[in-house]
Amino acid sequence: MTNEHPEVSHRIATGDDREIAAYLEIAQHAAAQASDAQDDSPQGRDVVIVIDFGSQYSRLIARRIRELNVYCEVLPATTPWEEIDRLRPRGFIFSGGPASVYEPGAPTPPAEVYEAGVPILGICYGMQLIAHQLGGSVQHSTRREYGHSVLHLAATITDPLLQNLPRTMPVWMSHGDHVTTPPADFHTLAYTDNSPIAVMANGAGYYGLQFHPEVVHTPNGKQLLENFLFHVCGCAPTWTPANFIEETVARIRERVGDGHAICALSGGVDSSVAAALVHRAIGDRLTCIFVNNGLLRKDEPERLRETFGHNLEMRLIYCDSEDRFLRRLEGVIDPEEKRKTIGEEFIWVFEEEAGKLGHVDFLVQGTTYPDVIESLTADNAASAVIKTHHNVGGLPENMRLELIEPLRHLFKDEVRAVGTELGLPDEIVWRQPFPGPGLAIRILGEVTRERLHTLREADAIVTEEIRAARMTRELWQSFAVLTASRTVGVQGDFRTYGNVIAIRAVTSEDAMTADWARLPYDLLAGISSRIANEAPNVNRVVYDITSKPPGTIEWE
């Protein structure tokens, strides 16, 4: 029995540029130890904590709070109170979740949350949990609510949470249980046809919402969250890119002292912004290492060297290892074997180059907040496991470097905002996510020089045409895939037997879910024509119209 229905899941907030750091997952325990030793949480800022009970929407709640310039973290319900209290929260938000409060082992927050003396906003399961724990009653609904509903505010009620809201408004419901009797000191603020108690509150700043204010299907949800933050919790909107940069640079400078750092630079937005932050803090005591594994997009190594070596004046070691990687990939067909092979070889190359620098104290990584949340919640029994990720970077145990992860509390859009504030060029800030193994997992089957050349040319055409159509920022990713199929064609009155290129373009907020992009037919026609005429050995182009789920964004 669940309160959140998978058929109405909303595409929630992330991100996800895997970066070269994702290759280092073979020894995550070393990274975890290093990360545990550092405290990168913002200091001197108002903080709101989302207690996660396994909701699909927990990250989306945090994103909405961040969009209102208030710092927010998502923590599993199993988090010890000491870790929560360290953040000095101004308020709590209880997420939804797939459990029912009356089930044995249903997740609950630390008892101290109710004793902290700060406001609490319970959403869906979170509302039911407040009612259940404080003496009310919750029952399974005979008529469940999944989808749109209409909320009516009680006629005689005024409350800070409801300021500037219409008396009747559409909301998004996703629940099978509901509160039948609120706790003794609570009163009803609003109702729907199927939920007589859709909003409840008491005089201590505890609120319950049966609907989801964080999703776009609740148009007035942002106003409601704004009311909770500023009129109930008393937060100040001080979480801005400029403030983040100032605090982070000062913290890095203090932590590194006279030490030296290296950064595995992939050219993606995450590792690039992380490098720029650390460079601002310690200057030439940061050395970036860029390993060209021969699996990058057309002209990418040259663009990266130009941007970082000349425009940003960072110390950059460029290592051309194309031959080395391609030799390792000879005969490799299986996608997972490709990933492991590339990851292992990267570690060896990186270690060799880092070893030439002498004494190094720190490694900079572009780990972002979605990576952290996924690592925190992977073992959370309250979460329904959809897909397991291993994308919080680690270190080979014998390197003994401490991690600096300046972006570990940022979502992708926040990383981009910080990059813009730092003055990074748009070509870096708005670079689409690119998989760590590169073009190797966009070639189905064996990776060879010839096949890489074909895919690079096709992929470059996709990028050029999307850019010319001014659609780059509308898409999460757009790229070409070299399939394992060959088909008969006719080119120049001759029979051909050529490769099939698949075009993939998706929209998403953080790659956890994605929808195929409805590209204009004329744009698709232009891409197809150019690829068939300009990419070698290609005679057919197809368009992938699969969403995630059931598919993934990448083909391998």
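Okay, hi everyone. Before anything else: what we're looking at is a predicted model.

Let's start with the sheet. Picture five strands in an open sheet, in the order β12-β11-β10-β13-β14, paired in parallel. Which strands stand at the edges? Those are β12, residues 315-320, and β14, residues 402-404. Each has a single partner strand, so one side of each has no neighbour in the sheet.

If you're wondering what holds strands together, here's the general idea: strands of a sheet pair through backbone hydrogen bonds, either parallel or antiparallel. In our sheet, take β10, residues 261-264, and β11, residues 286-292: they pair in the parallel sense over four bridges.

Then helix α9, residues 300-311, lies across β11 and β12, and it runs at about 165 degrees to β12.

In soluble globular proteins, nonpolar side chains tend to be buried together. Here the largest nonpolar core has 109 residues, and Phe92, Phe94, Val273, Leu277, Leu286 and Ile531 have the most contacts inside it. Which helix gives the most to this core? Helix α8, residues 269-282, with nine residues. Click on Leu277 and, beyond its close sequence neighbours, you'll find contacts including Phe244, Ile245, Pro406 and Leu422. Apart from that core lies another one, of 41 residues, with Leu68, Val74, Leu165 and Ala201 among them.

Over to helix α2, residues 58-67. Nine of its 10 residues are buried, and those include arginines: Arg59, Arg63, Arg64 and Arg66 are among them. Just after α2, Asn69 takes a positive phi of about 65 degrees.

Last stop, Arg442, in the loop between α14 and α15. Buried or exposed? Its relative accessible area is 1%, which is under the 20% cut-off, so Arg442 counts as buried. What does its side chain meet in there? It makes a polar contact of 2.8 Å with the side chain of Glu554. Further along the chain from its close sequence neighbours, Arg442 also touches Pro433, Phe434, Leu455, Asp459 and Phe479, among others.

That's my tour, thanks!

Terms used. Residues are numbered from 1 along each chain as its sequence is written. This is a predicted model: local features need pLDDT of at least 70, side-chain atom pairs count only at pLDDT 80 or more; totals for chains, interfaces and linings use all residues. Side-chain values use heavy atoms; hydrogens and water are left out. Helices (H or I, at least four residues) and strands (E, at least two) are DSSP runs, numbered from the N terminus. Buried means under 20% relative accessible area, exposed over 50%, partly exposed in between (1.4 Å probe, protein chains only). A polar contact is a pair of N or O atoms within 3.5 Å; within protein, one must be able to donate a hydrogen and the other to accept it, and residues adjacent in sequence count only if both atoms are side-chain atoms. Contact means heavy atoms within 4.5 Å. Two strands pair if DSSP finds at least two bridges between them. Axes are lines fitted to C-alpha atoms, for helices over the stretch in contact, and angles run from 0 to 180 degrees between N-to-C directions. A nonpolar core is a set of buried Ala, Val, Leu, Ile, Met, Phe, Trp, Tyr and Cys residues joined through side-chain atoms within 4.5 Å. Lists of a residue's contacts leave out its neighbours within four places in sequence.
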